[in-house]
Amino acid sequence: MFEVSQYTFLAAMVALAAGLVLYLVSVFGPRGVRALSFNTGGTQETDSFASALKTAGRYGTILSVNAFGFLTASIIARWIAAGHGPFSNMYEFSLAFAWGAMGIYLYFERQYDLRSLGLLVLPIALGMLIYASTVPDDIQPLVPALQQSLLLSVHVAVAVGAYGAFAVGFGAAVLFLIQRKKSMSWLPERTTLDEVGYRSVMIGFPLMALTIILGAIWADIAWGRYWSWDPKETASLVTWLMYGGYLHARVIRGWRGDRSAYLLLLGFAATAFTYYGNYFLGGLHSYG
Amino acid sequence: METVGSQARVPQRTYWETRVLGRMWHFFTSVRLALVLILAITAAVLAGTLLDQAPPSVRSEPAMYAQWLSRVEGTYGVFPTKVFDFFDLFNVFHTLWFRLLLGLLTVNIIVCSLNRWKGIWRTVFPPRIRMTDAFFQHARFNARYVMDEPAEAAAVTVKKGLKHARYRVSTEAEAGSVALYADRNRFSRFGTFISHLSLVLILAGTVVGGIWGLSDPEFIVPEGITRDVGLGTDLSVQLEHFTDEYYVEGPPKDFRSDIVILKNGEEVKRGTVRVNSPLSYGGMKFHQSFFGQTAVMIVKTKDGTSLYDGPVPLAWQTREGNRPVGSFTLGSENLEVWVMGPRSGENDPLVPAGEMRIEVYETSSGALRTATNLTQGTEQDVSGLNFTFVREGRFTGLSVVKDPGVNIIWVASALMIIGLLMLFYVPHRRLWASCKELPDGKTEVRLAMTGQRDSQITAEFERVRQRVGKELRGRHAEDDRGQGGNDV
Ligand code: HEM
């Protein structure tokens, strides 16, 4: 099972990288086509080229769906091999993060048909996998504090859902800020991007609240204190508050639009900080 | 945000009431203030996350705090350390200003909720049924049909369609004209209150815990010993046995303490405490927190009078050498004895395995009398007393907690999640319809829906329009103009 998990991990990485290339082609290709048709005066050739680009996009999506499938398989195989969910070290957690980001991204791609968003989210997921491949992937037995498999599996599942949603929100905010008044044809409209950003927070904000609550329940069982201002706890609180700020900014005159989008960027910075917090913060969550 | 209708006679108010209270009230109704407070709290929490925070034990003693400060000066530099200390940034979460921010947020939430209550109540328990023609023309989502039947009949059909779309419908009829109001998930409006007030409840839970809670995070019990819990309780705990197990690879597998809880000396509960499974008795919970070794010591005078006989928990670590260390006092001799064990996992030149090092100090002057090593099982003469290091043992470190606020926290947490789910996933949808007979005997049917423009509402309006349209088409209506999602 451990080998299955390793092979599917590699497969996911390859599928994701290849998918990303096709996304690039399908998003930026049309500009090339326009340049081409301008030069040649527009011919059948360019038409068939355009349809090839559409196909590229479709295959890109198929690849990223596959990558998500491989990731799921990898996590399940490792779960079986280790006997517990993906919460015991950075390797497992990075895999889970990539899984969450891909799952939520694919949901949005299906809903809104925006591959340009994938140009930002796929690299994040790929980066997670590349990072995972640099840390030890051996299965370590659980230390006593982590012997709380069900609660921690749910805690992590919920957390990566939130992180994935925030990654999507980040992507939407970046595109929103690129898409200035002057409309760029390769990007969706600002209203759509704004909506995607908001809806990602609609998913991420309750999940993040639940993550914090589940963490508090665990801390209460393990240490008898539901909150101890542990760095990882406070970092997730910062993240959650940041998105709380975003939700209010959206209903305040003068804060809609760009400023709200910047809050989404800050929120994702806080998310990344929470995620990597183990390294430079220590505390109860340091996995060693 | 709320549209207040005409109000009957306003009672006379004093200058104080209208000016000062009124302004303060208005100040706290602002969402902009909420944003400012949320961002300020975020910044404060971030500072508390990034900067080292002085532990409570250090803060309570000025000398230790000064020492602690001089240590962090190494990390942050002398001047920044002064600045951070000036703003209490090494103790963010317990400062007055942090609590003040939370207090302001609480007031903000409460005032804001009260202020919005009436408006929300009116959208839920309704609402206006009859709307103007202009409303139908200008509504963001609207549709229009013309039918060959009287208004009452058309209204029955529209109502059927709306019911099929799972809307709750109320009607108001006049001659030749029927107005309809339809909505679903109306109670979700209260999701805003539930999620906001759950925050207040969480803060209340922490306050309750702070006032009525008890805790001793470092309650040490050596094996075979019974110790009073203190904290104003009549409980004591006896440790029968402590076990630590390791995986063959090395990392710890299990820490467990078999303990007996006694009340006024009588056994009331017995059980095993593990890291993830505490034992509780009468609201008091006992958690496995840490453990360590003890040195069982016997001290006698030359003539054989026993001065000390029992385990000494080596619960501390020496700053240099990282050796486990503990102490006990010999009151009658005015002496304090420190016992130091070997550094774990290696050959310790100062304290070889099987030995304990002791340092005997005079309690009053603090002067070192003797320092020597004891070999296990042999009686040795130290400063005119007979010391024996009998054997090594274990102690358990329990965290003893009673927190009556914690249930409030869990209830509030559940409310938070429920409120957010209501708010985001079962949104209140409202729709108005009007069936009006035209001069030519036909009936004009109009639908209008309000809300922020987004693809979800667009899809919802489309769904309703199709439902209603299906009913209407069954009765030979012409679909005159349908504008799902277009701005007018
Ligand atoms: C950390 C504190 C707070 C959190 C986590 C929080 C959470 C939320 C959430 C999740 C929403 C829903 C946003 C949406 O529907 O898009 C919201 C809306 C709102 N909040 Fe807060 N809030 C907080 C503090 C406050 C405070 C202090 C006020 C008082 C002014 C306030 C007033 C409002 C208002 C007026 C809305 C709009 C409600 C609506 O559209 O129905 N919030 N808040």
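Apart from its neighbours within four places in sequence, B:His428 is in contact (heavy atoms within 4.5 Å) with B:Thr123, B:Tyr181, B:Asp183, B:Arg184, B:Asn185, B:Arg186, B:Ser188 and B:Arg189. The model is predicted, with local features requiring pLDDT of at least 70 and side-chain atom pairs counting only at pLDDT 80 or more, while totals for chains, interfaces and linings use all residues. Residues are numbered from 1 along each chain as its sequence is written, chains are lettered from A and ligands numbered from 1 in the order in which they are written, and side-chain values use heavy atoms, without hydrogens and water.

B:His428 lies in the loop between α10 (406-425) and β19 (429-437) of chain B, and with a relative accessible area of 11% this residue is buried (buried means under 20% relative accessible area, exposed over 50%, and partly exposed in between, with a 1.4 Å probe and protein chains only). Its side chain forms a polar contact of 3.0 Å with that of B:Asp183 and another of 2.8 Å with that of B:Arg189, where a polar contact is a pair of N or O atoms within 3.5 Å; within protein, one must be able to donate a hydrogen and the other to accept it, and residues adjacent in sequence count only if both atoms are side-chain atoms.

At the ligand, the iron atom is coordinated by A:His248 (NE2) and B:His196 (NE2), at 1.8 to 1.9 Å (donors are N, O and S atoms within 2.8 Å of the metal, or 3.2 Å for Na, K and Ca, and water is not among the atoms, so sites may look incomplete). A:His248 counts as buried because its relative accessibility is 19%, whereas B:His196, at 25%, counts as partly exposed.

Key. Helices (H or I, at least four residues) and strands (E, at least two) are DSSP runs, numbered from the N terminus.
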